[in-house]
Amino acid sequence: MATLDQCRAALDRLAQNMSSADGRVRGATAVHRSLSCRITDLDVTFVGRLADGTIQEVSAVPGPPPHKADIRLTMTGNDLVALVDGELNFARAWSSGRVKLEAGLRDLLRLRTLL
């Protein structure tokens with residue numbers, strides 16, 4: 001089971017990868033939305049903002065998210081680390097139910113380029 005520190009490090013790597021992206025990926029992440037990532041096996045939620053092509057203001061809160069974010073992810077810590085490390089395909093994980101993604105239609109259409 002991934003630790004809280006490993007999950008935080010994975011989110012930091014994801015933010016760094018996003019900030020150095022270009023083309024369609026950069027365009028897909030150049031929105032201003034609230035973001036939550038619920039880690040079910042650790043009973044913690046990382047909350048932050050997707051802004052200027054990266055994830056900002058990330059903090060961990062115990063339990064479920066305190067507010068409904070614009071973009072909501074739910075998964076285990078191991079799946080988060082595997083996704084960021086490129087060991088788990090997001091589309092397959094999402095279609096099999098290992099990863100849940102909830103967002104408005106416009107955000108889903110924008111984010112599809114990341115999949």
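**Fold and packing of the predicted chain**

Along the sequence, the chain follows the pattern α-α-β-β-β-β-α-α-β-α. This amounts to 5 helices and 5 strands. Helices (H or I, at least four residues) and strands (E, at least two) are DSSP runs, numbered from the N terminus. The model is predicted: local features need pLDDT of at least 70, side-chain atom pairs count only at pLDDT 80 or more, and totals for chains, interfaces and linings use all residues. Residues are numbered from 1 along each chain as its sequence is written, and side-chain values use heavy atoms, with hydrogens and water left out.

The chain has 115 residues, and 42% of them are buried. Buried means under 20% relative accessible area, exposed over 50%, and partly exposed in between (1.4 Å probe, protein chains only). The accessible surface comes to about 6600 Å². Carbon and sulfur atoms hold 52% of that surface. These areas come from the Shrake-Rupley method with a 1.4 Å probe; for residues, only the protein chains shown count as cover. Among contacts with a separation of 6 or more, 59% link residues 24 or more positions apart. A contact means heavy atoms within 4.5 Å.

The 5 strands form an open sheet in the order E3-E2-E1-E4-E5, with mixed pairing. Two strands pair if DSSP finds at least two bridges between them. Strand E3 (54-62) and strand E5 (100-103) are the edges, each pairing on one side only. On average, neighbouring strands of this sheet are turned by 15° against each other, direction ignored.

At one end of the order, E2 and E3 are antiparallel and share 7 bridges. Leu50 has Ile55 in E3 as its bridge partner. The hairpin of E2 and E3 has 2 residues between the strands. Asp52 in this hairpin takes a positive phi near 55°. Thr74 is bridged to Lys100 in E5.

Helix H1 (residues 4-19) packs on this sheet. H1 touches strand E1 (33-39), strand E2 (44-51) and E3, and its direction makes about 165° with that of E3. Axes are lines fitted to C-alpha atoms, for helices over the stretch in contact, and angles run from 0 to 180 degrees between N-to-C directions. Helix H3 (residues 77-84) lies across E1 and E4. H3 runs at about 110° to E4.

How are two packed helices described? By the angle between their axes and the distance between the axes. H1 and H3 pack at an angle of about 30°, with axes 9 Å apart. The two helices are therefore roughly parallel to each other. Angles under 35 degrees count as roughly parallel, over 145 as roughly antiparallel, 65 to 115 as roughly perpendicular and the rest as oblique. The crossing of H1 and H3 is left-handed, a term used if the near helix is turned anticlockwise from the far one by less than a right angle, with right-handed used if clockwise. On the H1 side, the meeting residues are Gln6, Cys7, Ala10, Leu11, Arg13 and Leu14. H3 contributes Gly77, Leu80, Val81 and Val84.

H3 is mostly covered, with 7 of its 8 residues buried. These are Gly77, Asp79, Leu80, Val81, Ala82, Leu83 and Val84. They pack against H1, E1, E4 and helix H4 (90-96). Gly77 lies in H3, and its relative accessible area is 0%. Leaving aside residues up to four places away in sequence, Gly77 touches Ala2, Cys7, Ile39 and Asp41. Asp41 is 36 residues from Gly77 along the chain, yet their C-alpha atoms are separated by 6.7 Å. After H3 comes Gly86, with a positive phi near 80°.

Positive phi also occurs at residues other than glycine. Asp43 has a phi of about 50°. Asp43 sits in the loop between E1 and E2 and is partly exposed, with a relative accessible area of 42%. Glu57 has a positive phi of about 55° and is likewise not a glycine. Glu57 lies in strand E3. At 60% relative accessibility, Glu57 counts as exposed.
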